[in-house]
Amino acid sequence: MSHSNTNAFYPVAVNRKHKDKLFCKLFSEKKNALSLFNALQGMEYREEDELEIVTLEDSVKEAVQICMENGILMPYLAKHRGEVMEMVLTEFDREGYETVLREEGREEGGVLMRTLFARLLQDHREQDMLRAVEDQEYCDRLLEEYRL
């Protein structure tokens, strides 16, 4: 497959967990960072020496330091500073979070239904159990009835 434009951009799938490291490597050089800034802001700055690169890690360290200096969460931050830094700097994995929520919901729902079915069987209400499987509204009424 040939392409006539050698400057064409072809998107590639990038592992999200590695994007931050790649971004930091690419733009840790002031020349590249200035080029990115100019592109994003529509500017034409040329003086690389005037550019100050502040990373997210630098900002978090400064925020933690300011909190400690002002007595905000001082005992906790003094003891758990590294943990707090790691937690704040760790990329939030929305998909993983949603997966965990779904798994927890399934588990809780399973426990709830097993409890309901056990009570229905104990009360010899097999027909109600079968109806609850087919009818969500009826199942909800049974859950309320058994205070589950």
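Buried residues have under 20% relative accessible area, exposed residues over 50%, and partly exposed residues lie in between (1.4 Å probe, protein chains only). The structure is a predicted model, in which local features need pLDDT of at least 70 and side-chain atom pairs count only at pLDDT 80 or more, while totals for chains, interfaces and linings use all residues. Residues are numbered from 1 along each chain as its sequence is written, and side-chain values use heavy atoms, with hydrogens and water left out.

**Close-up A. Salt bridge between Arg 131 and Asp 135.** A salt bridge is a side-chain nitrogen of Lys or Arg within 4 Å of a carboxyl oxygen of Asp or Glu; the structure holds 5 of them. In this view, Arg 131 and Asp 135 are joined by such a contact, with an N to O distance of 3.9 Å. Arg 131 is partly exposed, at 41% relative accessibility, and Asp 135 is also partly exposed, at 25%.

**Close-up B. Arg 131 over the ring of Tyr 138.** A charge sits over a ring if NZ of Lys or CZ of Arg is within 6 Å of the ring centre and within 35 degrees of the ring normal. Arg 131 lies over the face of Tyr 138, at 3.9 Å from the ring centre.

**Close-up C. Salt bridge between Arg 125 and Glu 145.** The closest N and O atoms of Arg 125 and Glu 145 are 2.5 Å apart. Arg 125 lies in the loop between α5 (94-122) and α6 (126-134), and Glu 145 in helix α7 (residues 136-145), so the pair ties together parts that are 20 residues apart in sequence. Helices (H or I, at least four residues) are DSSP runs, numbered from the N terminus. Glu 145 is partly exposed, with a relative accessible area of 48%.

**Close-up D. Salt bridge between Glu 44 and Arg 46.** The closest N and O atoms of this pair, Glu 44 and Arg 46, are 3.9 Å apart. Glu 44 is exposed, with a relative accessible area of 64%, and Arg 46 is exposed as well, at 63%.

**Close-up E. Aromatic pair of Phe 37 and Tyr 45.** Rings of Phe, Tyr and Trp (its six-membered ring) pair if their centres lie within 6.5 Å; planes under 30 degrees apart count as stacked, over 60 as edge-to-face and the rest as tilted. A search of the whole structure finds 1 aromatic pair. Phe 37 and Tyr 45 form this tilted pair, at 5.9 Å centre to centre and with 45 degrees between the planes. Phe 37 is partly exposed, at 35% relative accessibility, as is Tyr 45, at 45%.

How values were computed
Helix = DSSP H or I, 4+ residues; strand = E, 2+ residues; numbered from the N terminus.
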